[in-house]
Amino acid sequence: MVLTLHKPDTATVSPCAKLAGTLTVPGDKSISHRVGMLASVSKGISRVHGFLNSADCVGLLKAMEALGSRTHLTREGDLYIHGTSGKLLEPATQLDLGNSGTAIRLLTGFLSGYDISAVLTGDESLRSRPMRRIEEPLSRMGAKIELTGPKGCAPIRVTGASLKGIEYEMPVASAQVKSSILLAALRAEGVTTIIEPHPTRDHTEWILRQLGLPVEIEGNKITVEGFGPNGPELHARAWNIPGDISSAAFWMIAAAAHRRGSVTLKNVGLNPRRTAVIEVLKRMGAKIKVYPEKKRDEGDPAGEVRVSGTKLKGTVIEGAEIPNLIDEIPILAVAGALAEGETVIKDAKELRVKESDRIQTMCENLKVMGVNVEEMEDGMRISGPARVQTGGMADSYGDHRIAMAMAVLALFSDAPLTIKHVNCIETSYPGFWDDLIRLGGHVE
Ligand code: S3P
């Protein structure tokens with residue numbers, strides 16, 4: 001996986017007088033991971049339109065190629081995945097999944113019922129993230145998982161084993177953990193039932209359904225019937241992946257808070273378990289309109305989102321809403337800094353184990369820019385509106401969403417802001433700087 005090291009790893013973003021235009025953000029990262037994995041073992045060639053061509057997703061495809069699939073990206077941007085008809089090769093080397101928690105957690109579950117052995121690893125950030133949360137339920141299913149890094153972290157050795165269905169009540173609301181178990185469950189004997197503390201994104205469930213597999217969803221309970229050690233026969237098909245709402249959120253908030261903001265975002269994924277950011281923005285007084293275009297049964301729901309600028313007001317973000325906007329919290333903290341009054345984010349302790357400790361890294365950066373923010377164990381309290389100062393330097397700490405959130409905040413400052421460690425943006429949003437410039441921003 002290549003993080004373009006030849007490029008300078010800092011960016012200086014200038015304040016922006018007007019923020020306007022129309023964008024199509026790149027494909028959904030969660031869906032791209034799942035489709036990349038499942039198409040790789042399907043029978044035949046799958047055509048994927050809208051696959052996210054980012055470092056995280058390319059890293060996953062490389063891992064799938066090491067396991068036997070072949071991929072080909074056309075000039076038009078469509079990806080063709082030649083599936084292995086359910087067979088996998090034992091990889092000759094470790095599978096390096098870079099910065100992607102989704103790839104390592106889902107692939108561990110996915111591989112645990114195949115008759116091969118593999119070692120899954122990643123960059124320093126990924127090797128410090130908790131993996132016991134998947135090892136525990138997968139081991140209960142009979143999987144052979146060894147966490148060979150310190151303190152329950154990757155590298156992870158997976159050795160194929162016979163699996164059995166389990167009933168599992170998840171201690172944390174995590175779509176990655178849920179999906180890891182669901183993918184393992186396909187090659188298990190018997191039924192697997194998962195109970196979530198709060199509903200989380202359900203892309204895996206819907207993609208499995210689109211592949212014709214019977215997955216039952218009943219409130220917070222998901223049930224899937226295992227196909228035994230040979231797994232189900234999956235057939236290649238065409239996939240159409242919408243734009244990632246987590247990427248669109250940067251521009252939604254930039255436009256919503258900007259005096260002269262007017263942005264239209266096309267083909268944004270509108271899975272109801274991902275749209276909480278829109279509800280929060282409405283509560284903050286944002287002028288935001290959604291025009292749904294594609295319903296669920298035609299693939300993932302998607303539509304156009306139009307946002308124009310106004311004065312935002314503070315809000316409280318907590319409880320069941322958190323899993324449905326977990327990746328948008330850094331940029332929602334920026335919205336809080338620009339809004340009038342207090343914004344409180346709580347019940348979000350999971351942020352401490354993301355690509356960085358996002359509570360700490362976000363609070364530190366906001367403070368550097370003169371924002372009045374108080375760090376809490378499970379979130380933060382922000383008093384706005386801030387007069388954004390640029391005396392210091394922001395630092396993403398290698399976390400793509402922190403880098404992009406700070407770039408958006410810089411658009412509201414009174415002088416240019418330099419952000420350190422911005423190459424990580426490639427993991428989820430290649431083209432971020434081009435889009436910022438397209439909307440009227442300036443970056444060096
Ligand atoms: C994801 C689930 C979330 C999210 C991550 C992508 C997924 O993680 O933060 O960016 O694709 O399932 P958790 O499952 O750890 O909450």
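**Cavity, ligand pocket and backbone**

Analyst: The largest cavity holds about 90 Å³ of space. Please keep in mind that this is a predicted model.

User: How many cavities of 30 Å³ or more are there?

Analyst: The structure holds 1 cavity of 30 Å³ or more.

User: Which residues line the largest cavity?

Analyst: The lining consists of Val41, Gly86, Phe110, Tyr114, Leu183, Leu186, Arg187, Pro232 and Leu234. By class, the lining of this cavity has 7 nonpolar residues, 1 polar and 1 charged.

User: Turning to the ligand, where does it sit?

Analyst: The ligand sits in the largest pocket. Two or more residues of the shell around the ligand come from each of helix H1 (29-40), helix H3 (101-111) and helix H5 (175-185).

User: Which residues are around the ligand?

Analyst: The shell is made up of Ser30, Arg34, Thr102, Arg105, Ser174, Ala175, Gln176, Arg201, Ile326, Asp327 and Lys354. These residues of the shell divide into 5 charged, 4 polar and 2 nonpolar.

User: What lies 2.7 Å from an oxygen atom of the ligand?

Analyst: That is a polar side-chain atom of Ser174. Gln176 contributes through its backbone, with an N or O atom 2.8 Å from a ligand oxygen. For Thr102, a side-chain N or O atom is 3.4 Å from an oxygen atom of the ligand.

User: A change of topic, to the backbone. Which residues does a cis peptide bond with omega of about 5° join?

Analyst: That cis bond joins Ala154 and Pro155. Pro155 is located in the loop between strand E8 (144-147) and strand E9 (156-159). A cis peptide bond also runs from Gly384 to Pro385, where omega is near 0°.

User: Where is the place of Pro385?

Analyst: Pro385 is in the loop between strand E23 (379-384) and strand E24 (394-395).

User: Why point out such bonds at all?

Analyst: They are worth noting because most peptide bonds are trans. Most residues other than glycine also have a negative phi.

User: Which residue has a positive phi although it is not a glycine?

Analyst: Asn267 does, with a phi of about 50°.

User: In which strand does Asn267 lie?

Analyst: Asn267 belongs to strand E17, which spans residues 261-269.

Note on methods. Residues are numbered from 1 along each chain as its sequence is written. This is a predicted model: local features need pLDDT of at least 70, side-chain atom pairs count only at pLDDT 80 or more; totals for chains, interfaces and linings use all residues. Side-chain values use heavy atoms; hydrogens and water are left out. On a 1 Å grid over the protein atoms alone, a cavity is a set of points where a 1.4 Å probe fits but cannot get out, and a pocket is an open set with protein on both sides within 12 Å along at least five of seven lines; lining residues have an atom within 4 Å of a point. Grid points are joined across faces, edges and corners, and a volume is the space filled by probe spheres set on the points. Ala, Val, Leu, Ile, Met, Phe, Trp, Tyr, Cys and Pro count as nonpolar, Asp, Glu, Lys and Arg as charged, and the others, Gly among them, as polar. A residue is near a molecule or strand if one of its heavy atoms lies within 4 Å of it. A polar contact is a pair of N or O atoms within 3.5 Å; within protein, one must be able to donate a hydrogen and the other to accept it, and residues adjacent in sequence count only if both atoms are side-chain atoms. A molecule sits in a cavity or pocket if more than half of its atoms lie within 2 Å of its grid points. Helices (H or I, at least four residues) and strands (E, at least two) are DSSP runs, numbered from the N terminus.
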